[in-house]
Amino acid sequence: MKNARRITSLVAAGALTLGMGTTVLPSAASGAPTTTERTRDLVGEKARCTAAIEVRLTTLTRLNGSLAAAKSITAGHKSTQTASNTAAASGLGALKTKIAADTDAATLGADCRLIVEGYRVFALRAPQTHLVIAGDTEASAVAKLSDVVPRLADAIDKAGAAGKVVTVAQAALTDLTAKLADAATKTNGLADSVIGFAPADYNADHTLLDGARANVRIAAADLKAARADIKTITTTLKD
């Protein structure tokens, strides 16, 4: 009876020494994670978050490389977007250092959420960079093709005056003019409309790039059609 009371008191205290010197701790008995388990989980989560930062840093470096290589982007747009990407990379680098030093799950969880919500590399910075490049590139193409229109019109007039049937060429010129006008409208101010967005803007509205994306696609189709019109005109006049 006396031994039974002793066993009961040990269980109530939360530690029962078994044979071979093994001790059952309260946390293990209740199913709660041990200190070793918590440390292991923290290390694993740090590794996952660090990997997430690394892939974003690589992406930002690649984006700035695309900006540097873009030939038709304006100097101002290139400088502004490069600065935004560089600032994001710097912030993620500092966050990586902080995550390495985190000692509790709550702080680590908050820091890991910042990787996505605080920087939005894939949802904002990458498409923003591509849209800025595309907007300026298309605007440049519109300007170059528009310079050709007066010469094509003059060639059509001369061919008509010489007795050549220019109906097809004239129709293509009309379509060319319309397509270039539409592309100019779609690309006008496009880069400026997206270049100022920050992660907080995207967090508040996930659709904020949709309009610019649609305009880039429409302008690309317009330019493709315009080039086809130019080919039709030159081929018709040559024939």
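The model is predicted, so local features are taken only where pLDDT is at least 70 and side-chain atom pairs only at pLDDT 80 or more, while totals for chains, interfaces and linings use all residues. Residues are numbered from 1 along each chain as its sequence is written, and side-chain values rest on heavy atoms, with hydrogens and water left out.

Starting with the overall picture, the protein chain has 10 helices and two strands, where helices (H or I, at least four residues) and strands (E, at least two) are DSSP runs numbered from the N terminus. Along the sequence these elements follow the pattern α-β-β-α-α-α-α-α-α-α-α-α. Of the 239 residues, 33% count as buried; buried is under 20% relative accessible area, exposed is over 50%, and partly exposed lies in between (1.4 Å probe, protein chains only). Among contacts (heavy atoms within 4.5 Å) with a separation of 6 or more, 77% link residues 24 or more positions apart.

Leu108, Asp111, Cys112 and Ile115 are the buried residues of H5. Viewed down the helix axis, these buried residues fall within an arc of 100 degrees, so they line one face of H5; the arc is taken from the directions between the helix axis and the C-beta atoms.

The structure holds one disulfide, meaning a pair of cysteine sulfur atoms within 2.5 Å, and it joins Cys49 and Cys112 with the sulfur atoms 1.9 Å apart. Cys49 sits in helix H3 (residues 35–69) and Cys112 in H5, so the pair ties together parts that are 63 residues apart in sequence. The torsion about the S-S bond is about 115 degrees, so the disulfide is right-handed. Both Cys49 and Cys112 are buried.

Side chains of opposite charge can pair when their charged atoms come close. The whole structure has eight salt bridges, each a side-chain nitrogen of Lys or Arg within 4 Å of a carboxyl oxygen of Asp or Glu. One of them pairs Lys98 with Asp111 at 2.8 Å, N to O. Lys98 belongs to helix H4 (residues 75–101) and Asp111 to H5, so this pair ties together parts 13 residues apart in sequence. Asp111 is buried, at 6% relative accessible area, whereas Lys98 is partly exposed at 39%.

Asp175 and Lys179 pair with their closest N and O atoms 2.8 Å apart, and both lie in helix H7 (residues 167–187), four residues apart, about one turn. Asp175 is partly exposed at 26% relative accessibility, as is Lys179 at 23%. In helix H10 (residues 210–238), Asp210 and Arg213 are three residues apart, again about one helical turn, and their closest N and O atoms are 3.3 Å apart. An α-helix has 3.6 residues a turn, so residues three or four places apart point the same way. Asp210 is partly exposed at 39%, and Arg213 is partly exposed at 29%. Finally, salt bridges that share partners join Lys98, Asp102 and Asp111 into one network.
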